[in-house]
Amino acid sequence: MKRACDSCISRKVRCDGAHPCRSCLYSSKKVDCTYLKPARKRGPKSRRVSLLPAAVAEERGTVNEELDVVLDASQDAESQSHVVGGRDLDPTMVVESLTHGESAWDMTELSANSVSTSVSAAVLETIIQEYRSKSYNVWPVVKAETLLERVSDGSNDPGTYCLATALCAATMAQLDLPPMKHYSSIIDSGVLAGECIRVREQSHYREHLDLRSVLASFFLHVYHAKVNKRNSALIFIQEAISCAKLLRLDCDEIVSELASDVVDNEDILFLLLWVSERGYAMHLGLSPSYADIVKLPEASNISDNVHVQGLLELARLFVAFAQCFSSDSSCPFTDTLLTTEDFLHGLSMRRDQAAFVRLADYHITKEWMRTIIWQQALSLGLLSSTSYNALMTFTFPSYVGRDLLSSLKDYHAEDLLPLGRDQLLKCFEVANSLADTLLCNPAVSVDSCFRLGPQEFLHGLYQKLAPFLEQDPILNSILRQKTAEALLRAPSRLWTLDAESTHEGVRDDEEHGAGKCRPVTLSFHTPAY
């Protein structure tokens with residue numbers, strides 16, 4: 001049998017197998033025609049069988065026998081074909097079907113039913129109780145009592161366990177709960193989030209989607225947003241939206257087979273996801289993955305739960321705002337901005353329509369949206385000091401700051417804590433716009449219509465945000481520096497004294513004793529909008 005010489009093999013040219021061959025004999029360079037290298041086996045190379053990673057094989061040791069069968073079959077692949085069920089079978093297809101959960105080797109089921117858990121039920125139960133008492137009014141989508149029962153019975157169902165750990169991670173981060181010690185382990189929100197992600201990957205949740213997996217992705221988004229991991233937070237909320245679309249939760253009616261005993265208010269689940277993604281994408285200056293404007297359900301068709309009604313009212317704000325910036329608007333953009341701002345300013349929520357915390361969420365979001373509309377007008381060069389509409393003037397952030405302070409005057413720091421970092425960013429945007437306006441336009445602070453001036457509004461906003469800014473040094477440094485500079489730049493203003501105090505002086509030794517000061521009456525007014 002003829003074979004190619006060493007030189008022709010290295011040069012990859014045709015060889016006639018002679019001694020010397022024609023290619024070497026007539027080569028332009030002097031070439032030694034030798035046949036020293038051992039001959040290689042002829043024919044196509046055998047296909048390799050891809051093996052599972054060692055870590056996965058460890059967890060799935062129960063299928064080692066099946067893998068051995070596949071490997072034995074691949075060794076004979078060159079000499080014979082294998083017939084299974086009346087058709088030729090490539091051994092590599094057997095491995096592929098094995099790793100994808102087909103046929104008798106359903107590795108997904110093996111993994112899903114043998115999930116190992118590392119967080120005790122006692123820890124989860126404690127945090128779920130915190131969710132029920134403080135955070136349910138923000139996320140009214142989990143039946144805390146039922147979830148407690150499922151966690152305590154020790155069934156270790158992957159879907160319920162992942163939902164519980166994700167919910168606890170979000171609740172623990174949002175409420176700033178301290179780490180919990182269980183035996184020799186320290187459990188914090190990061191540990192819970194990592195545990196949820198680990199078990200989800202082991203159980204192949206993407207191939208077994210249900211309402212619990214959608215909520216687990218949502219709560220992982222909440223956790224990562226709270227700890228300011230923006231990329232991860234955006235990925236998880238978009239994953240929740242995508243899973244919900246695959247389950248057709250964006251349709252009018254939810255398929256009854258999807259119902260879960262631990263999921264509450266399924267009819268507003270997609271609404272919660274839509275609002276959350278819209279708000280977070282707006283913070284990052286990105287477009288949401290779900291571009292359509294959600295269709296709001298009729299109030300009569302959903303639960304009369306006050307928390308559900310509050311979420312519905314919040315969604316109305318986002319729908320109005322989304323319609324303002326939709327590309328199919330036929331009105332001039334300036335008119336659209338004016339109309340939307342006027343509509344948002346006219347919206348209100350009664351105290352009996354939502355829980356106390358949801359009311360704060362509603363007011364903060366509304367003023368934040370009005371600020372964004374003003375920023376849009378500013379970027380387009382539409383502002384004027386002589387405009388008849390407040391939106392188109394440089395004093396507009398003062399009105400927004402005043403309205404926000406008025407809405408939040410009855411709230412304490414612990415009342416706003418369940419709203420998390422999202423509301424901090426919204427309030428920061430309002431206060432930061434007011435600070436920039438005061439620093440760039442000093443004339444705003446001496447406007448005759450402001451007796452209680454914009455600098456007081458800015459100072460009040462900073463004091464309201466101070467407890468939350470302590471946990472975010474960057475935002476705290478920015479707003480603190482701007483507030484201090486704006487207050488220092490503000491001109492000195494004399495409050496109007498009443499006539500009696502002006503004529504008689506501020507000391508009255510006979511009535512108040514020597515050296516004591518008479519109370520001075522200060523009069524000021526807040527400008528009408």
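Q: Over residues 4-35, how much of the chain is helix and how much is strand?
A: The chain there is 31% helix and 0% strand, counting DSSP runs of H or I with at least four residues as helices and of E with at least two as strands, numbered from the N terminus. The end C-alpha atoms of residues 4-35 are 8 Å apart.

Q: What kind of model is this?
A: This is a predicted model, where local features need pLDDT of at least 70 and side-chain atom pairs count only at pLDDT 80 or more, while totals for chains, interfaces and linings use all residues. Residues are numbered from 1 along each chain as its sequence is written, and side-chain values use heavy atoms, leaving out hydrogens and water.

Q: Where is cysteine 24?
A: Cysteine 24 is in helix α2, residues 22-25.

Q: Is cysteine 24 buried or exposed?
A: Cysteine 24 has a relative accessible area of 6%, so it is buried (under 20% relative accessible area; exposed is over 50%, partly exposed in between, with a 1.4 Å probe and protein chains only).

Q: What does cysteine 24 contact, leaving aside neighbours within four places in sequence?
A: Cysteine 24 is in contact (heavy atoms within 4.5 Å) with Cys5, Ser7, Cys8, Arg11, Val31 and Cys33. Cysteine 8 is 16 residues from cysteine 24 in sequence and 7.6 Å away in space, C-alpha to C-alpha.

Q: Changing topic, which helix holds histidine 307?
A: Histidine 307 is in helix α14, residues 306-324.

Q: Why does histidine 307 count as buried?
A: Histidine 307 counts as buried because its relative accessibility is 17%. Leaving aside neighbours within four places in sequence, histidine 307 is in contact with Tyr136, Asn137, Pro140 and Ala355.
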